[in-house]
Amino acid sequence: MNFKENKILVEALKKGKNEAYLYLINTYSRRLFAYALTLIDDHALAQDILQNVYLNVWRHRKKLKTKYTIQSFLYKSIYNEFINQHKHKQALSVLEEKYANSLEKVVNNTEELNIDRIINLVNKEIDKLPPRCKQIFILSKKEGLSNIEISEYLGISINTVEVQITKAFKVLREKLGDKVRPLLLLLFGFKNEIRRSNLY
């Protein structure tokens, strides 16, 4: 069964097919975990968020709709779970509240975007980054490594890591333009960018 087709995958999930659920986990876990890390910056809590989202997807699978992409639904679910957990623990700081509000605007409008097309576009631009810049960006935003972990892994300074990540975001924003910037925020998070440039 071709689960790459959104309709087929959603219908299989609604019917409770285990192979569809395993496909969902194997396909999206890494990128969803990386996204959760941009929100919570804590590996254990990010893993909790991811697990809760998958549990909720299975529990409420019959409510899934084929007209919405499962990918967009999963990103929204990660964000909503983050907000729910955060509210239980502490009040949002001014910066966190601004960041969360920006994300909420993106999340509420992602159905208007062709998510798959834009993600492909983002990945193509990532591939065009200078080799070291690309390597550091992928380790940080796709593999979920901290700046310290990247520094130790590559044998470079933390400052170099931060400079290369900032450079990557700058290049992506310039290449992809205003329409795609909100999705960059959704996919990778812009906490550092908010601190530096107050863009959102």
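Contact, in these legends, means heavy atoms within 4.5 Å. The structure is a predicted model, in which local features need pLDDT of at least 70, side-chain atom pairs count only at pLDDT 80 or more, and totals for chains, interfaces and linings use all residues. Residues are numbered from 1 along each chain as its sequence is written, and side-chain values use heavy atoms, with hydrogens and water left out.

**Figure 1. The protein chain has 11 helices and 0 strands.** Helices (H or I, at least four residues) and strands (E, at least two) are DSSP runs, numbered from the N terminus. Read from the N terminus on, the elements follow the order α-α-α-α-α-α-α-α-α-α-α. Of the 200 residues in the chain, 42% count as buried; buried means under 20% relative accessible area, exposed over 50%, and partly exposed in between (1.4 Å probe, protein chains only). Among contacts between residues at least 6 apart in sequence, 66% join residues at least 24 apart.

**Figure 2. Helix α2 bends at Tyr 28.** Helix α2 covers residues 18–40, and its bend is about 50°. The bend at a residue is the angle between axes fitted to the seven residues ending there and the seven starting there. Tyr 28 counts as buried because its relative accessibility is 10%. Not counting residues up to four places away in sequence, Tyr 28 touches Tyr 54, Ile 70, Gln 71 and Leu 74. The C-alpha atoms of Tyr 28 and Tyr 75 are 9.7 Å apart, although 47 residues separate the two along the chain. Just after α2, Asp 41 takes a positive phi of about 55°.

**Figure 3. Ser 29 of helix α2 forms a side-chain polar contact with Tyr 54.** The two side chains are joined at 3.1 Å. A polar contact is a pair of N or O atoms within 3.5 Å; within protein, one must be able to donate a hydrogen and the other to accept it, and residues adjacent in sequence count only if both atoms are side-chain atoms. With a relative accessibility of 19%, Ser 29 counts as buried. Leaving out residues up to four places away in sequence, Ser 29 touches Leu 24, Leu 50 and Tyr 54.

**Figure 4. Ser 77 is placed in helix α4 (residues 70–89).** What does the side chain of Ser 77 reach? The side chain of Ser 77 reaches the backbone oxygen of Phe 73, at 2.8 Å. An α-helix has 3.6 residues a turn, so residues three or four places apart point the same way. Ser 77 counts as buried, at 15% relative accessibility.

**Figure 5. Helices α7 (residues 131–141) and α9 (residues 158–176) cross at roughly 95°.** Their axes come within 9 Å. Axes are lines fitted to C-alpha atoms, for helices over the stretch in contact, and angles run from 0 to 180 degrees between N-to-C directions. The two helices are therefore roughly perpendicular, the word for angles of 65 to 115 degrees (under 35 is roughly parallel, over 145 roughly antiparallel, and the rest oblique). The residues that make the contact include Ile 136 and Phe 137 of α7 and Ile 165 and Phe 169 of α9.

**Figure 6. Lys 134 belongs to helix α7.** Lys 134 is partly exposed, with a relative accessible area of 24%. Apart from neighbours within four places in sequence, Lys 134 is in contact with Ile 126, Asp 127 and Leu 129. The C-alpha atoms of Lys 134 and Gln 164, which are 30 residues apart along the chain, are separated by 8.4 Å.
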